[in-house]
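Here is my note on the model you sent. Keep the structure open beside you as you read.

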Amino acid sequence: MKLDLDAALIRAMEAGQSVRGTTSPNPPVGAVILDAEGNLVGTGATQPVGGPHAEVMALQEAGSSARGGIAVVTLEPCNHTGRTGPCAEALIAADISQVYFLHPDPNGVAAGGAQTLRAAGIEVAQIEAPAELPVSDALIPWLTSLRLGRPHVTLKFAQTLDGFTAASDGTSQWITGEHAREWVHVDRARRDAIIIGTGTALADNPSLTARFPDGTLREQQPRRVVIGQRNLEDAGAASSHLRELGYDQFANIDDALISLYEAGARDVLVEGGAGLASAFLNAGYVDAVQAYIAPLLLGEGRGVLAHPVAQTLQDARRFQRVGTTVLGDDVLIEYVRRPYVDDE
């Protein structure tokens, strides 16, 4: 038997990605079970808080085929009894013979699963992801959030080829095409919260929902957050969507991030506007960037940022590209903050 750990890990990562946005403050873990011959017999992902973890879901699907088999998990199996029992103990009880995991668990409360498994005579090893991955690592935001003690922040914007987010007259709908806009809604459903400034709320009257192309709401919806001191309740027709759907407003970024983290949010998306984007960057809170590039040229207009964040190239915020997705005529380029790349 030739064990294809890469294929098993990719399947586990896909499972974790499928539940992203539903598990916080727990991590979106994926797991697969292979039988003793190396055949896939179980796939699982972490359920919403209080539900089974990924390993338990995969073991339930595998049933008796798990005996003497192999578990491949995106995160070291937990060693903690909380709302559910330890995943390490579940693997031992299922008579698993080998366990491979991608990330060690940095959570001091839940860590130690590998040691428990080894003590039970199970072979345990950490593995690396293949160089070319067809799926992104759903655990990166959670791992970053745990390390920093605040939500992982992704700054998202759509711009023309020459770097403008709106024309000189303020029009911005739609810079990107249908495929890109649909992708945005898929991504929104994976986030714990979407954050905008009061200026964007008043100017654009956004709903900040995750929708299907026909306009119906997706099952998973992010929390809607507005930062700024302007009163939206007295704004007349402006921001009617937010008032109808409900939102949380905070006076400043720090208050918002503290409250969101305490409420369990680990992965948030900043969507606008230029002043808020500048403030997040200047505070050092942008961990990742999503740049949607549209095939348009304006020559002049409104930029991504409203204020300088560096005076020289040497002081510029630097990011490393981790993904490129073609969406019709548009392109989504994803970056992570350079100091974090090696850590994650």
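1. Start with β6 (152–160) and β12 (288–294). They run parallel and are joined by 7 bridges. Strands here are DSSP runs of E with at least two residues, helices are runs of H or I with at least four, and both are numbered from the N terminus. Two strands pair if DSSP finds at least two bridges between them. Across this pairing, Ala158 stands opposite Tyr292 in β12.

2. A word on the source. This is a predicted model, in which local features need pLDDT of at least 70 and side-chain atom pairs count only at pLDDT 80 or more, while totals for chains, interfaces and linings use all residues. Residues are numbered from 1 along each chain as its sequence is written, and side-chain values use heavy atoms, with hydrogens and water left out.

3. Now look at the other neighbour of β12. With β15 (330–337), β12 pairs in the antiparallel sense, over 6 bridges. Here Ile293 stands opposite Val331.

4. Is β12 buried or exposed? It is mostly covered: 7 of its 7 residues are buried. Buried means under 20% relative accessible area, exposed means over 50%, and partly exposed lies in between (1.4 Å probe, protein chains only). Both faces are covered. Ala288, Gln290, Tyr292 and Ala294 are buried on one side, and Val289, Ala291 and Ile293 on the other.

5. Step back to the sheet. It is open and has 8 strands, in the order β10-β9-β8-β11-β6-β12-β15-β14, with mixed pairing. β10 (248–250) and β14 (319–327) are the edge strands, each pairing on one side only. On average, neighbouring strands are turned by 25° against each other, direction ignored. Axes are lines fitted to C-alpha atoms, for helices over the stretch in contact, and angles run from 0 to 180 degrees between N-to-C directions.

6. Thr325 has Leu332 as its bridge partner in β15.

7. Helix α9 (residues 253–262) lies across β6, β8, β9, β10 and β11. Contact means heavy atoms within 4.5 Å. The helix runs at about 160° to β9.

8. Next, the backbone. Most residues other than glycine have a negative phi, and most peptide bonds are trans. The peptide bond from Ser24 to Pro25 is cis, with omega near 10°. Pro25 sits in the loop between α1 and β1. Asp95 is not a glycine, yet has a positive phi of about 65°. Asp95 is partly exposed, at 36% relative accessible area. Leu208 also has a positive phi, near 60°. Leu208 counts as buried, at 2% relative accessibility.

9. How many cavities of 30 Å³ or more does the structure hold? There are 2. A cavity is a set of points on a 1 Å grid over the protein atoms alone where a 1.4 Å probe fits but cannot get out; lining residues have an atom within 4 Å of a point. Grid points are joined across faces, edges and corners, and a volume is the space filled by probe spheres set on the points. The largest cavity has about 80 Å³ of space. Its lining has 13 residues, with Arg20, Ser24, Pro28, Asp192 and Asp267 nearest its centre.

10. The second largest cavity has a volume of about 40 Å³. Helix α1 (residues 5–18) gives the most to its lining, with 4 residues.

How values were computed: 1 Å grid on protein atoms, 1.4 Å probe; cavity = no way out; pocket = protein on both sides within 12 Å on 5 of 7 lines; lining within 4 Å.
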